[in-house]
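User: Could you walk me through how to read helices and sheets in a model like this one?

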Amino acid sequence: MKRLRLPLLLVALVAGLYWMATADVPVVSVLAAVFLFSSLLILALWGAWRIYQGFLWRVGRRLAFSYFLIGVLPIPLVVMLLSAATYILAGYFLGHLYRDAVRGVAGDLDARAEAALATGGAAASGGAAGEEIDPVAVAVYRDGRRVEGDPRLPESWPSWVPGDPDAAGRVAYFALVERQPTVAAAAGDAARGALAVYAGDFSLELSRRTDTWVRVLGPSDPESADRVNVQVMGRNIAVSGGGPRSAQSPEAFFSARAASGPDDSWLSRQWDRPILWWSEVPGPLLELATGEELGASFLVTLNAPPATVPRHLFSGSAEFDVGVWSALLFFAFLLFDVYAAAAIMAGVMIYALSRAVNRMSSATEAVRAGDFSVRIPVRRRDQVGELQRSFNLMAENLEQLVATATQKEILEKELAIARDLQKSLIPSDLPAGDGVEFATLFEPSAAIGGDYFDILRLSEDRLAVIIADVSGHGLPTGLRMAMLKSALNILAGQQMPADEILARLDAVVRLDHPGRFFVTATFGVIDFAADTLELTNAGHPPTYVVRRGGVREVMLPGSPLGGLGKTYGSERLTLEPGDVVVWLSDGFIEARDADSEPFGYEGVEQALAAAALAAPPPVDGEIAGPTATAVRDALVAAVHRHTAGERPDDDRTLVVMRYKRAGVVEAAA
């Protein structure tokens, strides 16, 4: 419906403008007609543009259209231009034949006048019966008066009639019979002279001499009044509409002169058909008797078949003509071969490039639809082929990336399950009551960490706190940590001494022959009845005791589980109300700043001491000293400042216990 909204609005607008344009309101109708015409023109241009865009959307069509504009369309235009140029040159050549014929007639008249002057009498203007009538009128003059000759010639000597044409080859034209133009020649002078004038059909004589249908029209001729003057290269050319007509038509004239032959094809008939038209505008035209100018110019029309031009233009030598035409045909054939080769090459290139682009378009559409297995067959060794190879490489990389992303997504889901499982192994409900307070931190550096801590109830008066660090990271380490927790839960329930529990855990660790690893651990047993803490260490970092503002580092050397040796350091400590015991992994000690300086043991002691000093004084009989949560937060904040908030390179695990007093410890609900 939305697509039809704009066309419907345009149709409504055009209909409204048409109704207003046809209304009988002068101003409104004119304005509406103007707007209607403008709207229709804009719609037509827009529609043509849309059709043009739709047609040339494909690269193959665009290339073919470009080749048509560049390689095909110029050919008929050039042919038309050459045809027009050939026609104009042929017309100029017909005019040249006409002028040569006029000069030839003038030369013949000059010879007749000289002959008449030499013999002292005019030549006969006619002949015996059956002989052709002489078209030349001759008269002899003595002392400026005609004494003998054709009575149509002037009685007085026409001194304005020249003899030979002037240096420029121009011929003077005179009117003798019915004011029709002709030529004349004089010999001698007024005392003793002769005058010769062409008094016959001047047009027919010129036609015979030029092999061209010539019509010489005087100023009073009706056909000359319809002429149109055209300026071509500074030359005034008269063009007559439709050509002249007389008793003898051009077709009859040329049919009588055409040589008969067996070739009666359409091309041969057109070759001998008078289809070339040209005009000349000679002048001025003078009155023969008085020398008065009858007109500044008059019209001469020329009509000839194309065969006239080569008959008069080319050499009379057949051998020379054969050589010229052979050279012309050779170059024409060579040009045709070059164009044909270019056309074939362009067609092959357009087809190949269009097919390559279509394959690229189809492959791109498939990739956009999610099919990354599509490949383009590459056989080209050009830029398009390189583009196709690049596309195949891109599609292959995308396919690998999608497969990798899919595998990564599956792995992420599996790691999320393993991470949730590991978190379930870390105690979340810590023991609580009047005797003890815990605060913990578990921050793995990877999705699954290798650190582990647990708080186990051994009896009503005893708690066990264990913190361990399994070597490595990732899923295998997490699985080993789960195995360690299961073994510890089993061993802790058998009421064994701490060193015996660690020894048995060592045996469990050593069972993993394909992937040897080791574990550092500290095992602490809190006896509320005796107010004691027994620590047993297997290669783990020291335990810290914060008491009355001071910090004590309990360093117990020992071998890690699964490592060399089976010696474990142990010590029994007496606990006082307010004591804070801190177990941590080496991720706190080895935390590095921007200069790769570790936080170190001193940093831990300083952070714990600062937490003890920052503790508020006791109120209403409360136990003095910092809370477990305050100590944990202070140590974590100190490490965070040291590393400037960078992501840890190793797991960080922290267990903080504040000992309050002896008594029953309740398990968390």
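Analyst: Let's start with helix H12, whose buried residues are Ala498, Ile501, Leu502, Leu505, Asp506 and Val509. Buried means under 20% relative accessible area, with exposed over 50% and partly exposed in between (1.4 Å probe, protein chains only). Helices (H or I, at least four residues) and strands (E, at least two) are DSSP runs, numbered from the N terminus. This is a predicted model, where local features need pLDDT of at least 70, side-chain atom pairs count only at pLDDT 80 or more, and totals for chains, interfaces and linings use all residues. Residues are numbered from 1 along each chain as its sequence is written, and side-chain values use heavy atoms, with hydrogens and water left out.

User: What do the buried residues of H12 pack against?

Analyst: Contact means heavy atoms within 4.5 Å. By that test, they pack against H11, S18 and S19.

User: How do the axes of H11 and H12 cross?

Analyst: Axes are lines fitted to C-alpha atoms, for helices over the stretch in contact, and angles run from 0 to 180 degrees between N-to-C directions. The axes of H11 and H12 cross at roughly 145° and come within 10 Å. On the H11 side, the contact includes Met483, Leu484 and Ala487, while H12 brings residues including Ile501, Arg504 and Leu505.

User: And which strands make up the sheet?

Analyst: Two strands pair if DSSP finds at least two bridges between them. This open sheet has five strands in the order S16-S17-S18-S19-S22, with antiparallel pairing. Its edge strands, S16 (451-457) and S22 (569-574), each pair on one side only. Ignoring direction, neighbouring strands are turned by 15° against each other on average. S18 (residues 519-527) and S19 (residues 532-538) pair over six bridges in the antiparallel sense, and Gly524 has Leu535 in S19 as its bridge partner.

User: Where does H11 sit on that sheet?

Analyst: Helix H11 (residues 475-492) lies across S16, S17 (462-470) and S18, and runs at about 20° to S16.
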